[in-house]
Amino acid sequence: MAKITTLKAAVSELIDNGDSVALEGFTHLIPYAAGHEIIRQKKQDLTIIRMTPDVIYDQLIGMGCVRKMIFSWGGNPGVGSLYRFRDAVEKGWPQPLEIEEHSHADMANAYEAGAANLPFATLRAYIGCDLPKYNRTIKQIECPFTGEKLAAVPAIRPDVTVIHAQQADRKGNVLLWGIVGVQKQAVLAAKKVIVTVEEVVDKLEPHANQTVIPGWVIDAVCEIPGGAFPSYAQGYSTRNNAFYQQWDVIARDRETFSLWMERHVLDTENFAQFKDSIGVRSVA
Amino acid sequence: MNAQYSSSEMMTIAASRLLQNGQVCFVGIGQPSAAANLARLTSTPDIVLIYESGTIGTKPDVLPLSIGDGELSETADLVVSVPEMFRYWLQGGHVDIGFLGAAQIDRFANINTTVIGDYNNPKVRLPGAGGAPEISTNCKEILIILKQSSRAFVEQLSFITSPGFMEGGDSREEAGLTNKGPVAVITDLGVLEPDPVTKELVMTHLHDGVTVDQARESTGWDLKFADHLQTTELPTDEELKVLRDLNERTAKAHAGAE
């Protein structure tokens with residue numbers, strides 16, 4: 001049953017050094033505040049999982065929290081490279097980063113297999129693609145009925161999944177809408193779950209077929225208004241595309257990056273203070 | 001006719017003309033998205049645009065910076081989860097055209113968006129596969145758009161992220177792929193199409209003012225030209241106006257979120 005708590009307490013109690021952690025979100029609803037709290041608490045040796053690692057994973061990698069990343073597209077969407085990710089892969093800074101790389105279709109299926117408590121997923125994929133040569137977790141199997149050759153990939157079962165959503169009620173039931181990505185699958189595939197929300201309300205009023213995740217599959221719910229910044233929460237905020245463009249400059253240089261992180265993340269207590277420190281309160 | 005336009009505008013316009021009304025098009029972010037939306041706003045108003053974030057039938061007023069901008073979900077006919085997108089809609093066989101960009105391409109239209117140099121010790125680490133490998137093998141046909149240069153059009157790819165015609169000839173079918181594969185590569189210099197037998201990309205169109213030598217110098221392999229090499233029709237006033245209005249709205253929207 002979900003406990004409504006602070007993000008500080010949730011990250012401290014539920015994420016251990018060495019855990020595999022999926023902070024999911026497909027451009028929309030990315031749990032930035034939770035990523036910052038992981039950095040503030042100096043978690044180490046994490047395996048981070050996400051289809052589309054973006055700026056928050058760049059920050060986790062650059063701050064030395066990460067041993068391994070499992071992913072399918074690692075870039076700054078619409079802008080270009082993730083320089084901290086590249087520096088770790090190309091030059092081993094601040095420490096070498098092991099990567100396990102897939103395609104989107106693969107990871108979407110693998111999360112679904114995790115949620116369905118299956119050992120693996122099967123899909124029509126990877127013919128003519130070089131990824132299976134380098135990622136030995138991608139296998140080929142034969143359909144027992146038709147003989148067709150299909151790809152097989154292990155299910156994703158994160159130790160902890162973290163997502164951001166629009167609303168929760170006081171029992172910790174969570175409502176999200178808009179681009180919902182792979183979050184429901186990632187939640188149901190995980191051993192432990194943290195959800196940050198824009199607001200806690202007395203009563204959720206979902207439209208038919210909106211995504212509701214019951215509180216009894218969630219461990220902690222934390223109210224963090226604007227907690228997806230510079231990503232967004234539909235109905236609450238818009239994507240701050242200008243920040244993603246600014247990140248290109250901040251992350252390019254090790255020293256600029258380190259100073260920025262120290263000043264705005266390590267030296268602030270929480271996400272509200274972080275946003276104050278970079279002067280974005282008005283748009284969040 | 002309007003003589004004042006950039007090579008980048010010509011590329012987007014030439015690409016937009018290859019889409020047909022009523023098609024269902026799986027759109028990559030960036031150049032493919034610009035061309036597909038230009039088509040939707042000009043010649044193919046009924047085209048169905050799909051972005052891998054789960055937005056189907058989307059009609060953005062400004063070009064999205066990311067694959068999941070709010071503009072895409074707010075203007076979509078439906079928004080589905082990412083597993084549903086890849087399993088039911090793409091693998092399910094509902095998409096006519098996959099429209100991809102690339103960092104590098106070879107003569108058989110194989111594309112690389114993963115790494116330059118050795119995979120385990122890369123010179124340049126690129127973002128990776130995203131949806132492209134399965135877009136390229138599960139859509140009925142593929143269009144590819146990228147600027148033509150000897151750094152992008154290479155003799156040998158470091159890594160094949162998404163297959164085109166693999167080794168050429170029948171190798172794609174022999175590997176078990178049943179879709180048609182790439183039908184055209186649109187660049188800032190012209191259009192390349194696969195030879196029906198060898199599947200090697202052949203330059204079939206040059207944009208107005210582009211020379212054969214220029215195209216050859218911008219290609220890392222010994223580029224072949226069609227016997228009846230054609231000149232791309234100039235942009236119409238309407239195409240240019242719609243594209244420029246779209247770009248202007250887009251620039252304003254993305255700069256607005258300070």
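Helices α1 and α2 of chain A cross in a right-handed manner; a crossing is right-handed if the near helix is turned clockwise from the far one by less than a right angle, and left-handed if anticlockwise. Helices (H or I, at least four residues) and strands (E, at least two) are DSSP runs numbered from the N terminus. The model is a predicted one, in which local features need pLDDT of at least 70 and side-chain atom pairs count only at pLDDT 80 or more, while totals for chains, interfaces and linings use all residues. Residues are numbered from 1 along each chain as its sequence is written, and chains are lettered from A and ligands numbered from 1 in the order in which they are written.

Two packed helices are described by the angle between their axes and the distance between the axes. For α1(A) (residues 7-14) and α2(A) (residues 32-40), the angle is about 60 degrees and the axes lie 10 Å apart. This makes α1(A) oblique to α2(A). Axes are lines fitted to C-alpha atoms, for helices over the stretch in contact, with angles running from 0 to 180 degrees between N-to-C directions. Angles under 35 degrees count as roughly parallel, over 145 as roughly antiparallel, 65 to 115 as roughly perpendicular and the rest as oblique. On the α1(A) side the contact is made by A:L7, A:K8 and A:V11, and on the α2(A) side by A:A33, A:A34, A:E37 and A:I38. Five nonpolar, no polar and two charged residues form this contact of α1(A) with α2(A). Residues are in contact if their C-beta atoms, placed from the backbone, lie within 7 Å. Ala, Val, Leu, Ile, Met, Phe, Trp, Tyr, Cys and Pro count as nonpolar, Asp, Glu, Lys and Arg as charged, and the others, Gly among them, as polar.

Helix α2(A) also packs against α3(A) (residues 55-62), here at an angle of about 0 degrees and with the axes 10 Å apart. The helices α2(A) and α3(A) are therefore roughly parallel to each other. A:Y32, A:G35, A:I38 and A:I39 of α2(A) meet A:I56, A:Q59 and A:L60 of α3(A). By class, this contact of α2(A) with α3(A) has five nonpolar, two polar and no charged residues.

Eight of the eight residues of α3(A) are buried, so this helix is largely enclosed by the rest of the structure. A residue is buried if 20 or more other C-beta atoms lie within 10 Å of its own, exposed if 12 or fewer, and partly exposed in between, with C-beta atoms placed from the backbone. The buried residues of α3(A) include A:Y57, A:D58 and A:Q59. A:G64, with a positive phi near 80 degrees, follows α3(A). Elsewhere in chain A, A:T238 lies in the loop between β13 (220-223) and α8 (241-252). A:T238 is partly exposed, having 16 other C-beta atoms within 10 Å. Its C-alpha atom is 9.2 Å from that of A:H28, although A:T238 and A:H28 are 210 residues apart along the chain.

Chain A as a whole has ten helices and 13 strands. Its radius of gyration is 19 Å, close to the 19 Å given by the globule rule for 284 residues, so chain A is as compact as a globular protein of that length. The radius is taken over C-alpha atoms, and the globule rule is 2.2 Å times the number of residues to the power 0.38. The C-alpha trace of chain A spans about 60 × 50 × 30 Å along its principal axes. Of the 284 residues in chain A, 56% are buried.

Chain B has eight helices and 14 strands. The radius of gyration of chain B is 18 Å, close to the 18 Å that the globule rule gives for 258 residues, so this chain is as compact as a globular protein of that length. Buried residues account for 52% of the 258 residues in chain B. In α2(B) (residues 31-41), ten of the eleven residues are buried, so this helix is largely enclosed by the rest of the structure. Among them are B:Q31, B:N37 and B:R40. B:P235 is placed in the loop between β14 (224-231) and α8 of chain B. B:P235 is buried, with 25 other C-beta atoms within 10 Å.

Between the chains, 44 residues of chain B are in contact with 48 residues of chain A. The elements of chain B that give two or more residues to the side touching chain A are α3 (70-74), α4 (82-90), β9 (121-125), α5 (132-138) and α8 (237-256). This side of chain B has 20 nonpolar, 18 polar and six charged residues.

How values were computed: Contact = placed C-beta atoms within 7 Å.
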